[in-house]
Amino acid sequence: DARAYASSAYDGLNRRVVVFGGNSGGFEGHRNDTWTWNGRSWHRAGPGTRPSERLGAGMAFDAGRGHVLLFGGVSPQDTVLGDTWAWDGATWTELFPPTSPPARAFPAMAYDNVRDEIVLFGGTAVFGPEFADTWTWNGVTWVERSTPTRPPARQSAGMAFDAPRAEVVLFGGQNFPNYFSDTWVWDGATWSERFPPDHPGDRANFGMDYDSGLGRVVVFGGNPGSQAFLNDTWMWNGASWTRLRTATSPPPRAGLVMSYDRTRGEMVMFGGTSSTEFLGDTWTLQG
């Protein structure tokens, strides 16, 4: 059903897009339900064990371990969370790594297929500062990475693994009241900023994932601050951003989830919030 600020990832082992949690309005609207998309319809999973209600958790598919990993988020009481969970297609299992990032919401997360690790950057303590730290997950524990350069602190950025160039791409986000439109890449050791001649405008809370059919990282929608919400689509080819003009487009929104379904060769986008309501519609981008 309609919601915003949920978390999603494509479960490559079970070949389903997975959506968890989010908010459908107010303190009572925080969710902890799990849904999967099979290319035709949504199915509500009913695991006996699952993470608590939350929005803004980081989520990515850990291909090396064969499960979806979830970290953090914010509770209905506005408490930031620092727990780590794994979804195997049937149930959630809480993991207890010896080292974890400080509790946070709205971090950026993506799986680095070359180096077999999940990369996490930034996030927010909600009533505290935004973070500018980098962590990697190796299947056993979180490891903080000391880097010679790094993006400025932010939350609600987008992150995806750019397979042809074997690097993780970070775009946008916010450190209130500032919104970003910068592009950074992670090579497994450090961050490097890129300066493309054109790029999407400032925004946060947008959808972003790598589309292997297009061979591009795709960005859709988001919130540029005080302006109206967005519904533009952009592609990153490793050197430049290009706006993709589509025959139809979802209505403007922020707080959506978007994951690429590699089995069916389509980008799947769900929900979010417009300027007036929570949304529960599903769209696919087919290259």
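Which residues form one aromatic cluster? Phe-171, Phe-206, Trp-236 and Trp-241 form it. The model described here is predicted.

**Aromatic pairs**

- Trp-87 counts as buried because its relative accessibility is 1%, under the cut-off of 20%.
- Trp-92 is likewise buried, at a relative accessibility of 2%.
- Phe-121 and Trp-191 form an edge-to-face pair, in which the centres are 5.5 Å apart and the planes stand at 65°.
- Phe-121 belongs to strand β10 (residues 117-121) and Trp-191 to strand β16 (residues 191-194), so this pair ties together parts that lie 70 residues apart in sequence.
- Both Phe-121 and Trp-191 are buried.

**Arginine side chains over aromatic rings**

- Arg-104 lies over the face of Phe-131, at 4.0 Å from the centre of the ring.
- Arg-154 places its charged end over the ring of Phe-180, at 4.2 Å from the centre of that ring.

- Thr-134 is located in strand β11, which covers residues 134-137.
- With a relative accessible area of 2%, Thr-134 is buried.
- The side chain of Thr-134 is joined to that of Trp-191 by a polar contact of 2.9 Å.
- Beyond residues up to four places away in sequence, Thr-134 touches Val-119, Leu-120, Phe-121, Val-143, Glu-144, Arg-145, Trp-186 and Trp-191.

- Three strands make up an open sheet in the order β21-β22-β23, and their pairing is antiparallel.
- The edge strands are β21 (257-261) and β23 (278-285), each of which pairs on one side only.
- From one strand to the next, the twist averages 15°.
- Strands of a sheet pair through backbone hydrogen bonds, in either a parallel or an antiparallel manner.
- Five bridges link β21 to strand β22 (residues 266-273) in the antiparallel sense.
- Tyr-260 stands opposite Met-267, a residue of β22.

- Arg-3 is buried because its relative accessible area is 2%, under the cut-off of 20%.
- The side chain of Arg-3 reaches the backbone oxygen of Gly-21 at 3.0 Å.
- Apart from neighbours within four places in sequence, the contacts of Arg-3 include Gly-21, Asn-23, Ser-24, Arg-31, Asp-33 and Trp-35.
- The contacts of Arg-3 also include Phe-270, Gly-271, Gly-272, Phe-278 and Leu-279.
- Arg-3 and Gly-29 are 26 residues apart in sequence, and their C-alpha atoms are 8.6 Å apart in space.

**Asn-205 in a loop**

- Asn-205 is placed in the loop between β16 and β17 (207-211).
- Asn-205 is buried, at a relative accessible area of 12%.
- A polar contact of 3.1 Å connects the side chain of Asn-205 with the side chain of Ser-156.
- Ser-156 is also one of the residues that Asn-205 contacts when neighbours within four places in sequence are left aside; the others are Tyr-5, Phe-106, Gln-174, Gly-222, Ala-254, Gly-255 and Leu-256.
- Asn-205 and Tyr-179 are 26 residues apart along the chain, with 11 Å between their C-alpha atoms.

- Strand β17 is mostly covered, since five of its five residues are buried.
- β17 pairs with strand β18 (residues 216-222) over five bridges, in the antiparallel sense.
- Met-208 has Val-219 of β18 as its bridge partner.
- Four residues lie between the strands of this hairpin, in which Gly-215 takes a positive phi near 70°.

How values were computed:
Residues numbered from 1 in each chain as written. Predicted model: local features only at pLDDT ≥ 70, side-chain atom pairs only at ≥ 80, totals over all residues. Heavy atoms only, no water. Helix = DSSP H or I, 4+ residues; strand = E, 2+ residues; numbered from the N terminus. Buried < 20%, exposed > 50% of the residue type's maximum accessible area, 1.4 Å probe, protein only. Polar contact = N/O pair within 3.5 Å; in protein donor to acceptor, adjacent residues only side chain to side chain. Contact = heavy atoms within 4.5 Å. Pairing = 2+ DSSP bridges. Axes fitted to C-alpha atoms, helices over the stretch in contact; angles between N-to-C directions. Phe/Tyr/Trp six-rings, centres within 6.5 Å; stacked < 30°, edge-to-face > 60°. Lys NZ or Arg CZ within 6 Å of the ring centre and 35° of its normal.
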